[in-house]
Amino acid sequence: MAQRGEPTLWSPVRVLVASVALIVLIATGFAWRGVDSLVSNIERISDLGLGGHTDGAVDILLVGVDSRTDAKGNPLSDAERAMLHAGDEIGTNTDTIVLVRVPNDGRSATAISIPRDAYVAIPRMGKGKINSAYGITKQTVQDDLLAEGASAEDAEAQSTQRGRQALIESVAGLTGITVDHYAEVSLLGFVLLTDAVGGVDVCLRHAVDEPMSGAYFPSGRQKLDGPQALSFVRQRHNLERGDLDRIVRQQVFMAQLVHQVVSADSLSNPSRLRELSDAVGRTVVLDEGWDLLGFLNQLQDLAAGEVTFETIPVADLNGTTSNGESVVRVDPDEVHEYVAALVGEEPTSRPATETTTPNVNPSNVEVSVYNSSTVSGLANAVAQELIDLGYTQGAVGNYSGGSSVSQSQVRAPSASDPGGKAVAAALGGLPVVSDPSIATGAVNVVLTSGYAGPGSGSGDVIDFGSTSTSATPVPPAPPIAAAEDGPTCVN
């Protein structure tokens, strides 16, 4: 990895900036359509709770989304799902999460990569892998809206927005950086962009035979088409450093992709330009308030300035939760301080999530706890935590409700019930679900296998269980550059 402050030829942050610049470069090739036509074709979203550039920099969250719909919410075709190895499962995960900070003078930039399996606090959902913040929030909100009678279209739109907001809040809570702009590209976009430039060259140190990602490649240099490239950048099994090696692959691939676009005939080939434009229009999402052309003008001096790439500190690459889930262990306070040092700021308090306990007398709240997980004794352990906090004990046992529960939750007479909110906060920020059948002054807690709050063996901190006996050291990645003589070889 390049040392802090050391510029590299095709560093990942320059690649990411170039990816945005590519949209404008494409537009210049379509004089007959005009820049406005291309920009207007990009899906825009509003009300994401973004910042206002008040800290002397532009902070951009760049997200690669594993989605079964395109940028406009249209379902992918059967052929497209098969091409992406997407299957039919429901969910939206974020495979790539990068926070890019560009100071207002536009002369430097820092990209901060966040491993997708980093185990963090997700607002209103408790603890989980950061790549699930978008999807699990979307699914929970969508289910609630449909149950309340909302149309499928409205539930999809509102829940998708809430999912994006949850990811933005999770990143802000982990890093201490308020996100100013949001950019999202789907897996389909990755494939279409790769095919639009005629494939991308990569280089592997060793042959690959990994069925989970569909990665089957010989060693050495080779050109990959869109579906092959997707397998290349998604593989993490059978890699020495797992998710961190995958991050390196993504960086190298994007460097080579942009290098080929700007150095070959792509921008002078009308057919390729049309493919690139269609790919951007169908698969890229930007926040509504982003003046893209103005931002690119701000970056005109970036090539001559400082460009660095960093990855947040990883305490344990092979961590596990108390219920055996494999995660990447991170220390939020350490990450917060590390990021503050990177961007030249004093650490500030992490943004508060909805875990602050309302002013409620716990003895006036009767709490019943039900176990819907495979963890023996979980309900008893959580109930004891609540008793120790002064709550009145209700029933304790296995969950036998009529409907399945996909996420740990607190059920109360209403979603705004103070007792429900207090219990939810005490258990790490669980969602509060309205259940009018519950009597006033009572609260029910339903626990699933993903629960990692107090009583799970971790208290208020992440627990990595007895299966994680020692931290796995994470060596630094080597410098990455996309030289003219070919791509960097990687694992």
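Started with the α4/α5 pair: Ala133, Tyr134, Thr137, Lys138, Val141, Gln142, Leu145 and Leu146 of α4 are in contact with Ala152, Ala155, Glu156, Gln158, Ser159, Thr160, Arg162, Gly163, Arg164, Ala166, Leu167 and Ser170 of α5. I'm working from a predicted model, so no experimental coordinates here. I got about 145° for the packing angle of α4 (133-147) and α5 (152-175), and 7 Å between their axes. The crossing of α4 past α5 comes out right-handed.

**Whole chain**

I count 13 helices and 21 strands. Of the 491 residues, 52% are buried. For contacts with a separation of 6 or more, 73% link residues 24 or more positions apart.

**The β11-β8-β21 sheet**

I then looked at an open sheet of 3 strands, ordered β11-β8-β21, with mixed pairing. β11 (220-224) and β21 (489-490) each have a single partner strand, so they are the edges and one side of each has no neighbour in the sheet. β8 (200-204) runs parallel to β21, and 2 bridges join them. For Leu204 I noted Val490 as the bridge partner in β21. Helix α7 (226-234) lies across β8, β11 and β21, at about 130° to β11.

**Helix α13**

How many of the 9 residues of α13 are buried? I get 7, so the helix (418-426) is mostly covered. The buried ones are Gly419, Gly420, Ala422, Val423, Ala424, Ala425 and Ala426. I checked what they pack against and found β16 (366-371), α12 (378-388), β18 (409-412), β19 (432-434) and β20 (442-447). At the start of α13, the backbone nitrogen of Gly419 has a side-chain oxygen of Asp417 within 3.2 Å. Just past the other end, Gly428 has a positive phi of about 95°.

**Arg411 and strand β18**

β18 turned up in that packing list, and I followed it to Arg411, which sits in this strand. Buried or exposed? Arg411 has a relative accessible area of 16%, and the cut-off for buried is under 20%, so it counts as buried.

What does Arg411 touch beyond four places in sequence? I listed Tyr399, Val405, Val433, Asp435, Ile438, Val443, Asn444 and Val446. One of these, Ile438, is 27 residues away in sequence, with 7.8 Å from C-alpha to C-alpha. For side-chain polar contacts of Arg411, I found 3.5 Å to Tyr399 and 2.8 Å to Gln409.

I checked the facing too: Gln409 and Arg411 point one way from β18, Val410 and Ala412 the other way, and all are buried.

With β20 the pairing is antiparallel over 3 bridges, and Val446 in β20 is the bridge partner of Gln409. With β19 the strand runs parallel, again joined by 3 bridges, and Ala412 has Ser434 in β19 as its bridge partner.

Terms used. Residues are numbered from 1 along each chain as its sequence is written. This is a predicted model: local features need pLDDT of at least 70, side-chain atom pairs count only at pLDDT 80 or more; totals for chains, interfaces and linings use all residues. Side-chain values use heavy atoms; hydrogens and water are left out. Helices (H or I, at least four residues) and strands (E, at least two) are DSSP runs, numbered from the N terminus. Buried means under 20% relative accessible area, exposed over 50%, partly exposed in between (1.4 Å probe, protein chains only). Contact means heavy atoms within 4.5 Å. Two strands pair if DSSP finds at least two bridges between them. Axes are lines fitted to C-alpha atoms, for helices over the stretch in contact, and angles run from 0 to 180 degrees between N-to-C directions. A polar contact is a pair of N or O atoms within 3.5 Å; within protein, one must be able to donate a hydrogen and the other to accept it, and residues adjacent in sequence count only if both atoms are side-chain atoms. A crossing is left-handed if the near helix is turned anticlockwise from the far one by less than a right angle, and right-handed if clockwise.
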